[in-house]
Amino acid sequence: MTKDLDLITIGRSSVDLYGAQVGGRLEDMRSFDKYLGGSPTNMAAGTARLGLRSALLTKVGDEHMGRFIREQLAREGVDVSGVLTDPERLTALVLLGIRDEDRFPLIFYRENCADMALSEGDVDENFIARARAVVATGTHLSHPRTEKAVLKALKLARKHGAKTALDIDYRPNLWGVAGHGEGESRFVESAKVTAKLQSTLHLFDLIVGTEEEFHIAGGSTDTIQALRAVRAVSGATLVCKRGADGAVAFEGAIPASLDDGQTGPGFPIEVFNVLGAGDGFMSGLLKGWLDGAAWPRALEYANACGAFAVSRHGCTPAYPSLKELDFFLERGVKEKALRKDAELEQIHWSTNRTGNWPEMRIFAFDHRMQLEDLTGATPEKIGRFKELCLDACEAVAQGRPGYGLLCDNRLGRRALHRAAGQGLWIGRPVEWPGSRPLELEPELGPDFGGLSEWPAEHVVKCLCFYHPDDDAEMRATQEATVTRLFHAARRNRLEFLLEVIPSKVAAVDNDTTARIIRRFYEIGVHPDWWKLEPMTSDAGWQAACDAIQENDLHTRGIVVLGLASGEEALAESFRAAARFPLVKGFAVGRTIFGAAAEAWMAGHMDDAEALRDMKDRYARLCALWDAARAQREDAA
């Protein structure tokens, strides 16, 4: 069978609920951030970020948290065909926190959880045969049922020529040798645990653990003696993690000192959060191991990935992409608190975003002022009309990728909420309509704290009537608002779309938009998306694209706005824009809904007629864009 997977990890899969407040007890947490959790799950995502073809064998519950794990893993690029659903048990949960520089409390909610129901019958030989390596963790050796599943997977891996690895991952309370409140504990002596681990160590080609984890595996609190006890039953390469002192690898006999093993360079960084650091380390190590790198290079990858993990909040969200790792290894440490390194954090954010949007056909019905001005319009009728707009959007999209909408929460709340989870790209405006200088919708609050209530799939969209020749006071006021908004969006892990329309302010030329783009990058604003008014000249588009790519090689791209243009004018602007790969599509509104809205609000058109009219117009614009894009591809 073709080896289309680099590795399969097996074992724990949970939802981490991470205390959002730092420096307090779990008892005093006011809110929690939700992430992937469980060592094998973290490693599957971490290795996928590094370019490996990763899969996970586990079980999750038939509920919201189980679906979150499966969907988030898929977004990370992990093969989820081995993520099985248990109809009877709940997905495991973990509560974690950052108490101070040395204490990181955590509570495991794993009583009869879904992943501990993994059994021999869940291990499919064809699935295991697809992988170059199988990676197990210690927890699933702690119960007879899950142990049998792991042993079967390891034996099948051997049968099909795959490598095998063990992350000892010793959690005393998950072995029943510490209490529920001892989740932070990393070592409790247990002859029973040592015997169980030693009965399996011969099945592995690579064994990884901290000094304390090798103490339990080797049955001695003397690290050298413990490593020698492990070596006595296993020929695996042993990698011992030493915290701030890095890590060391032993391929053969264990020397008299840890310093005599193979090492890789470490990184002098601030330790902010040790939770999940081992899984980050293991992700980097597996990358080097499966790429055939020498151990010093593999350990360099591992140490770097561990450094990222200990410097950031959360486990999986902290791990680097391959581009980020390469950048870091080439440039080095500039700020010991890596999460405060603006250049590095921008690469981290932009190369780890999930979702793929190579085409963007966006129906924009986030208009408020224009609809409120129509004869017969009321807030209730506008809300109902926006639901018709969503109906038209869904009818054209038909569940296909590359479609989306812009909708507001003030007048279009029901449509906005209905759109969730449908696979559509969703942009949500924050600007107060027509404001200049820029003001924001009151729902955001004076501190922009309202963004904390937004779902993760909503993109913050801000329209700013900005011109590079504005007077200094106007520029400063608008730039300050956009900058605060951008950082608030990032803090809330929301993508940001910046729309600029200089032509409504003053005359424009081929360089006007490019000057605006460069200015916003200059003040530290890195939009995920740009929404730009149509330009009919190649020179204008080229200048805008150059300005973006000079500052951000990982931007999502550009969408073209419509300015209520007719279809013929839009077709021309599409043909001009589509010649540039950075332009991903359009975000057009009044061209689609304008005539229907006017007639429907006045009572001259019913729901079915309005829906049909908007659906037809939206479909025609999609066809115009697709034709323009096809023309570019043909020319290429």
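S283 is buried, because its relative accessible area is 1% and the cut-off for buried is under 20%. Please keep in mind that this is a predicted model.

Where does S283 sit in the chain? S283 belongs to helix α8, which covers residues 277-290. Leaving aside residues up to four places away in sequence, S283 is in contact with N42, M43, G46, T47 and L50.

Next, strand β10. This strand spans residues 206-210, and four of its five residues are buried, so β10 is largely enclosed by the rest of the structure.

Which strands pair with β10? One of them is β9, residues 163-167, which pairs with β10 in the parallel sense over three bridges. In that pairing, A165 is opposite L206 of β10. Another is β11, residues 237-241, which runs parallel to β10 and is joined to it by five bridges. There, T210 has K241 of β11 as its bridge partner.

Now the barrel. How many strands close into it, and in what order? There are eight, and the order is β14-β15-β16-β17-β18-β19-β20-β21, with parallel pairing. On average, neighbouring strands of this sheet are turned by 25 degrees against each other, direction ignored.

Strand β17 covers residues 458-464 and strand β18 covers residues 496-500; five bridges pair them in the parallel sense. If you want a spot to look at on the screen, find V460, which stands opposite F496 in β18.

To recap: S283 is buried, strand β10 is largely enclosed, and eight strands close into a barrel.

Methods. Residues are numbered from 1 along each chain as its sequence is written. This is a predicted model: local features need pLDDT of at least 70, side-chain atom pairs count only at pLDDT 80 or more; totals for chains, interfaces and linings use all residues. Side-chain values use heavy atoms; hydrogens and water are left out. Buried means under 20% relative accessible area, exposed over 50%, partly exposed in between (1.4 Å probe, protein chains only). Helices (H or I, at least four residues) and strands (E, at least two) are DSSP runs, numbered from the N terminus. Two strands pair if DSSP finds at least two bridges between them. Axes are lines fitted to C-alpha atoms, for helices over the stretch in contact, and angles run from 0 to 180 degrees between N-to-C directions. Contact means heavy atoms within 4.5 Å.
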